[in-house]
Amino acid sequence: MNNKPIPRFLITLLGIALILMGITEIALGLIGESTSAVVTSIRREGGERDDGKPGRYTYNIGYTFTLPSGKEINGFSKKIDDSVYLKADDKSNIRIRYFSAFPYINTPQNDARFGAGQLTLILTGLFLIFLMNVKRAAN
């Protein structure tokens, strides 16, 4: 399985991407700038989740924030919540964190921390890289 270079390369690349996602969210919590963003859209994705707890859905939340220079940046996040449908009214605000050098990398403040989600991303990425690149001993 490990002797095929293209799948090994692609899965290793996926592992690197997962590690970077986890580290980026942690870094945003530590060194990212904080600002308020206006919620512009809330859309329910697919049907009810099949995760053991009934009445839960995945929502895509779109938001816009303005940099000190006046430039507007759009972002989005996913949230798992109950079946109460919410509608964006362009008046609701959320706190987000972003890198001042590259504001297109941003996330809601609740996700910008060291937590189980970020640790899971990093460990999964490390596992994929290890799994694809460890040399197996010949039997």
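**Group meeting: a walk from the sheet to the helices**

Okay, let's start with strand 2 and strand 3: eleven bridges join them, and they run antiparallel. Two strands count as paired here if DSSP finds at least two bridges between them. The elements themselves are DSSP runs, numbered from the N terminus: helices are H or I with at least four residues, and strands are E with at least two.

Quick housekeeping before I go on. This is a predicted model, so local features need pLDDT of at least 70 and side-chain atom pairs count only at pLDDT 80 or more, while totals for chains, interfaces and linings use all residues. Residues are numbered from 1 along each chain as its sequence is written, and side-chain values use heavy atoms, with hydrogens and water left out.

Back to that pair. Phe65 has Ile73 in strand 3 as its bridge partner. The hairpin of strand 2 and strand 3 has five residues between the strands, and in it Gly70 takes a positive phi near 100°.

So what is the strand order in the open sheet? There are five strands, ordered 3-2-1-4-5, with antiparallel pairing. Strand 3, residues 72-82, and strand 5 are the edges; each has a single partner strand, so one side of each has no neighbour in the sheet. From one strand to the next, the twist averages 40°; for angles, axes are lines fitted to C-alpha atoms, for helices over the stretch in contact, and the angles run from 0 to 180 degrees between N-to-C directions. As a reminder, strands of a sheet pair through backbone hydrogen bonds, either parallel or antiparallel.

Let's move across the sheet. Strand 1 and strand 2 run antiparallel, joined by seven bridges, and Glu45 stands opposite Thr58 in strand 2. Strand 2 covers residues 56-66, and eight of its eleven residues are buried, so the rest of the structure largely encloses it. Buried means under 20% relative accessible area, exposed means over 50%, and partly exposed is in between, using a 1.4 Å probe and protein chains only.

Ser34 counts as partly exposed because its relative accessibility is 31%. Skipping residues up to four places away in sequence, Ser34 touches Arg95, Ile96, Arg97 and Gln109, where contact means heavy atoms within 4.5 Å. How far apart are the C-alpha atoms of Ser34 and Pro108? They are separated by 9.3 Å, with the two residues 74 apart along the chain.

Pro108 brings us to strand 5, where it stands opposite Ile96. Strand 4 and strand 5 pair over three bridges, again in the antiparallel sense. Also in strand 5 is Thr107. Is Thr107 buried or exposed? At 7% relative accessibility, it counts as buried. Apart from neighbours within four places in sequence, Thr107 is in contact with Glu25, Leu28, Tyr63, Ile96, Arg97 and Ala112.

Now helix 1, residues 5-31. It has 27 residues and reaches 37 Å from first C-alpha to last, close to the expected 39 Å; the expectation is 1.5 Å times one less than the number of residues. Which residues of helix 1 are buried? They are Thr12, Gly15, Leu18, Ile19, Gly22, Ile26 and Leu28. The cover over them includes strand 4 (93-98), strand 5 (106-108) and helix 2 (116-133). Ile23, also in helix 1, is partly exposed, with a relative accessible area of 44%. Ile23 and Glu72 are 25 Å apart, C-alpha to C-alpha, and 49 residues apart in sequence.

From helix 2, have a look at Gln118, which counts as buried at 4% relative accessibility. Setting aside neighbours within four places in sequence, its contacts are Gly22, Glu25, Ile26, Asp111 and Arg113.

Last stop, the rings. The charged end of Arg44 sits over the ring of Tyr57, 4.1 Å from the ring centre. The test is NZ of Lys or CZ of Arg within 6 Å of the ring centre and within 35 degrees of the ring normal. And how many aromatic pairs does a search of the whole structure find? Two. Rings of Phe, Tyr and Trp (its six-membered ring) pair if their centres lie within 6.5 Å, with planes under 30 degrees apart called stacked, over 60 edge-to-face and the rest tilted.
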